[in-house]
Amino acid sequence: MKQKAFLLKSLMVIGLLGCTVSVYAQSYEVDRGIVLFERKPIPYADARTFVDLGCGYAKDCENVYLDGRVLEYVDPATFRLKSHSKSHYREPMEHRDYDRRHEGYYKSDFNVYYDGKKIDATAATFKEIGEGYAKDSFSVFYHGRKIEASAGSFKLLEGGYAKDAFTVFYFGKKVDGASAGTFKYTGDGYAKDAFNDYYRGRKLE
C-alpha cells in the first residue's frame, strides 16, 4: 500500500524583526522515506528524525537546513529558532527589503546567525535588542551587519532610532550632527536633541 505523503508547511510573513511584510509558502515533504523541499529531494536528509522548524528552516539528526540546503558547521543538537520580539512601528518603505526571505537572528550554543549566515558575534553574550538591532559584549549589529557603536552604552530608542554615548543611529545609519546625550524620539518618525529637530533620521532645516 502506497504510503501517504505528509506535507509540513510553514507560512512566513517577513519584516519587523523576524517574519512580517510579505507572505511566502515553503514546504518540506516526507514521501516514502525521502525528504523533499518544494518537491525536490534533499540528499542525505534523515526522514526518521526530520523536523520542520518554520521560516524555511528544518533539521534532522545530522544537519540543519535552510530552504532545503544544508547549513554548514551548524550543530542540529543545539540549533533553535529564536522567537522575535515585536514592534508596533512600521519601518519606512525605503528601509524595507522585500527580497529577504529570512529576517532575524538565530543562535546556537556557540554561533550566531542572521538570514541563515554566520555573523561575527559571541553567542554567550549575544542578545537581540529590537527593530533589527542586537549586540554582544563587544559589538553592535543592525540586521546582521556590524555597525560602529559602543556596545556598553548602546540602547534602542523607538522608531528605528538608537544611540550610544556619542552617536545616534537611524535604521543602522549614523544621524550626522545629532547630540546623543540629549537626543529623544518624539513619535511618527520625528526626534529632537537640544539643538535640532529630525524626521526619519534627517535634520530639519
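Lys146 is partly exposed, with a relative accessible area of 42%; here buried means under 20% relative accessible area, exposed over 50%, and partly exposed in between (1.4 Å probe, protein chains only). The areas come from the Shrake-Rupley method with a 1.4 Å probe, and for residues only the protein chains shown count as cover. The model is a predicted one, in which local features need pLDDT of at least 70 and side-chain atom pairs count only at pLDDT 80 or more, while totals for chains, interfaces and linings use all residues. Residues are numbered from 1 along each chain as its sequence is written, and side-chain values use heavy atoms, with hydrogens and water left out.

Lys146 forms a salt bridge with Asp120, and the closest N and O atoms of the pair are 3.3 Å apart. Because Lys146 lies in strand β15 and Asp120 in the loop between β11 (117-119) and β12 (127-130), the pair ties together parts that are 26 residues apart in sequence. Strands here are DSSP runs of E with at least two residues, numbered from the N terminus. A salt bridge is taken as a side-chain nitrogen of Lys or Arg within 4 Å of a carboxyl oxygen of Asp or Glu, and by this rule the count comes to four salt bridges. Asp120 counts as exposed, at 60% relative accessibility.

Another of these contacts joins Lys174 to Glu148, with the closest N and O atoms 3.5 Å apart. Lys174 is in strand β19 and Glu148 in the loop between β15 and β16, so this pair ties together parts that are 26 residues apart in sequence. Lys174 is partly exposed, with a relative accessible area of 46%, whereas Glu148 counts as exposed at 62%. The loop between β15 and β16 also holds Ala149, which counts as buried at 16% relative accessibility. Ala149 and Val168 are 19 residues apart in sequence, and their C-alpha atoms are 9.1 Å apart in space.

A salt bridge is also found between the side chains of Arg48 and Asp46 (3.5 Å, N to O). The two partners contrast in their cover: Arg48 counts as exposed at 77% relative accessibility, while Asp46 is buried, with a relative accessible area of 16%.

Turning to charge on the surface, Arg145, Lys173, Arg200 and Arg202 gather in a patch of positive charge. Patches are made of residues with over 30% relative accessible area and no salt bridge, with like charges joined within 9 Å and nonpolar side chains (Val, Leu, Ile, Met, Phe, Trp, Tyr) within 5 Å. Lys and Arg count as positive and Asp and Glu as negative, with His and the chain ends not counted; the place of a charge is NZ of Lys, CZ of Arg, CG of Asp or CD of Glu. Arg145 sits in strand β15 (residues 145-147) and is partly exposed, with a relative accessible area of 42%.

The strand pairings come next. Two strands pair if DSSP finds at least two bridges between them. Within the sheet, strand β17 (residues 161-163) and strand β18 (residues 168-170) run antiparallel and are joined by three bridges, and Tyr161 stands opposite Tyr170 in β18.

Two hairpins can be described as well. Strand β3 (residues 34-37) pairs with strand β4 (residues 40-41) in the antiparallel sense over two bridges, and the bridge partner of Phe37 in β4 is Lys40. The hairpin of β3 and β4 has two residues between its strands. Glu38 is partly exposed, with a relative accessible area of 38%, whereas Arg39 is exposed at 69%.

Strand β20 (residues 184-187) and strand β21 (residues 190-192) run antiparallel and are joined by three bridges. Lys184 stands opposite Lys192 in β21. These strands form a hairpin with two residues between them, and Asp188 in the turn has a positive phi of about 55°.

Methods: Helices (H or I, at least four residues) and strands (E, at least two) are DSSP runs, numbered from the N terminus.
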